[in-house]
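Have your viewer open and your selection tool ready. We will take the stops one at a time, and each one tells you what to select and what is there.

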Amino acid sequence: MSKPNSLVIVIFGASGDLTRRKLMPSLYLLHKNKRLPPHLAILGVSRTAYKDEEYREHIREELSHFVKPEEVDEAQIRSFIDLLYYFPMDPANADAYPSLQSRLLSLDALIGNQENYLYYLATPPSLYGVIPQHLKQVGLNLDKGVEKKKRIIVEKPFGYDLESAIELNKIYKDAFREDQIFRIDHFLGKETVQNILALRFANSIFEPIWNRNYVDYVEVTAVENMGIEQRGGFFDGVGTLRDMVQNHLIQLVALTAMEPPMAFNADSFRDEVAKVYQSLTPLTEEDMNEHIIRGQYTASETRKGYREEKNVDPLSRTESYVAMKIGISNWRWSGVPFYIRTGKQMPTKVSEIVVHFKPTPYRLFNSPEQKSPMANQLIIRLQPNEGIVLKFEMKVPGSGFNVERVSMDFSYSSLGELPTEDAYARLIEDCIQGDPTLFTRSDAVESSWQFFTPVLTFWKEHPEIPVYGYPAGTWGPRESEAMMHEHGADWTNPCKNLTNTDLYCEL
Ligand SMILES: NC(=O)c1ccc[n+]([C@@H]2O[C@H](COP(=O)([O-])OP(=O)(O)OC[C@H]3O[C@@H](n4cnc5c(N)ncnc54)[C@H](OP(=O)(O)O)[C@@H]3O)[C@@H](O)[C@H]2O)c1
């Protein structure tokens, strides 16, 4: 896999939030670090009527907000901006595609490209099925040789449920081959997420204990301390299960639970991920009643409630928090619960996986604080303070035989400076080079939806299932605490628990 000599990147949704906050800053970093093809043009496409110069001005302004100050290099920004072009069109309108094709051919002539195109779909999801069909109608889907490739990156969410995901996969397969399709989940572009693989498969000491014989339970947490910001219109129709759990959280479960791939290549790696999804224990109605907690943040002293956010229905029952207990029915994990949770307006922003090992068979040492046998924990911290923490017990110096929990910390940054390029930059570069390893394959998308769609159906058919309120800035509904208590445990909250029981209610 190598970088092509020339390329036109076509961004559909070029006037939108994702483009200005993530895609352009990432492309700028790739440009600055000389990771892009030498002959390149970036064509923005959306309905807003910019001229080339106006669009360049717009992106220049946005870069000043979203590129870190230490990455700003005025000469590089100028040369990056010169790569930008704009084509105003409605991507839903089939009649506009012949003109798009002409514009692409004229850009080809300008930069010395030969129909080598990468399409990035950053539009509302309702257009994800429309654009590939229109591209196909004018032949903009066809690879025509080594340097005349067509690749397409599709943003999440890929589908709305199982049925729509199957339908979308059909549309894509009709227009493109699977190796041309890159379903992006930017979690997988993060260095620290990839580091889970290094931890598990570049070390021999973990493998013998990484199973139901030694692991008691696993927690996966990905929470943030912000609300839905300006995304109310989008989020209120989607909710956290679709936005976070069905893709990001289940990816983290897969990386933690998967078998070692035969080789680190796209097929082997994605085969093992798909096998985890296929092994998820189907949820019964009882599981959905008792082991899935959905919540919605309510106003606190300093923060708005979800229902007061812009473009949110004041009676909305959309969940901004989900905690659930899931199982994996296979030889390695049978009987080991995976507790996963994600939410907005939590006390902090953190993503981490905590592997709780089984306790010692009985308590040999007398430690006054230690009520139960001792259990080791391995914490894989994905953000912030990326690293690994191993928790174990040691004797407290002095008389008697008291033991105390200690931590062995490894900070990822001690290996060297973390790359400044972000997950999007990494994944866009992989796509340019034709490497789909870190993108989601069609079978994995469908297996994941197969597991989660019954939950959506159950919630729809049972409006009496509660949505629990939690005050913004706390760790979520107390019912999710109760779910953990059933296991005789508490969630591992990385900072002090801020819950205030008086503020809880059922919505
Ligand atoms: N924003 C994020 O951080 C983020 C993160 C992960 C995934 N995503 C996904 O990326 C996609 C884009 O998100 P976004 O936040 O950038 O959305 P957005 O700000 O609403 O932007 C949507 C873009 O699509 C264009 N568009 C074309 N046809 C449209 C139509 N019929 N209706 C509305 N807009 C149309 C809009 O421009 P015109 O109005 O000029 O046509 C605009 O450029 C979404 O699917 C989202 O799920 C976003």
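Axes here are lines fitted to C-alpha atoms, for helices over the stretch in contact, and angles run from 0 to 180 degrees between N-to-C directions. Helices (H or I, at least four residues) and strands (E, at least two) are DSSP runs, numbered from the N terminus.

Now show the side chains at this crossing. From H1 come Arg-20, Arg-21, Met-24, Pro-25 and Tyr-28, and they meet Ile-59, Glu-62, Leu-63 and Phe-66 of H2; two residues are in contact if their C-beta atoms, placed from the backbone, lie within 7 Å. By class, this contact has six nonpolar, no polar and three charged residues. Ala, Val, Leu, Ile, Met, Phe, Trp, Tyr, Cys and Pro count as nonpolar, Asp, Glu, Lys and Arg as charged, and the others, Gly among them, as polar.

A word on what you are looking at: this is a predicted model, in which local features need pLDDT of at least 70 and side-chain atom pairs count only at pLDDT 80 or more, while totals for chains, interfaces and linings use all residues. Residue numbers run from 1 along each chain as its sequence is written.

Stay with H1 and turn to the ligand. Which helix gives the most to the shell around the ligand? Helix H1 (residues 17-32) does, with three residues. Of the 19 residues around the ligand, select Gly-13, Gly-16, Leu-18, Arg-47 and Thr-48, which come nearest; a residue is near a molecule or strand if its C-beta atom, placed from the backbone, lies within 6 Å of it. Colour the shell by class and you get eight nonpolar, six polar and five charged residues.

Next, select helix H5 (residues 130-137) and helix H6 (residues 162-175), which pack at about 20 degrees with their axes 9 Å apart. H5 and H6 are therefore roughly parallel to each other. Pro-132, Gln-133, Leu-135 and Lys-136 of H5 make the contact with Ile-171, Tyr-172 and Ala-175 of H6. This contact of H5 with H6 divides into five nonpolar, one polar and one charged.

A cis peptide bond joins Lys-156 to Pro-157, with omega about 0 degrees. For another, go to Pro-384, in the loop between strand E12 (377-383) and strand E13 (387-395); the bond from Gln-383 to Pro-384 is cis, with omega near -10 degrees.

While you are in the loops, find Glu-115 between helix H4 (97-111) and strand E4 (117-121). Glu-115 is not a glycine, yet its phi is positive, about 55 degrees. Most residues other than glycine have a negative phi, and most peptide bonds are trans.

Finally, zoom out and colour by domain: domain 1 covers 6-155, and domain 2 covers 188-353 + 416-422 + 441-506, with bounds that come from an automatic or database domain assignment. The centres of domain 1 and domain 2, taken over C-alpha atoms, are 33 Å apart.

Notes: Parallel < 35°, antiparallel > 145°, perpendicular 65-115°, else oblique.
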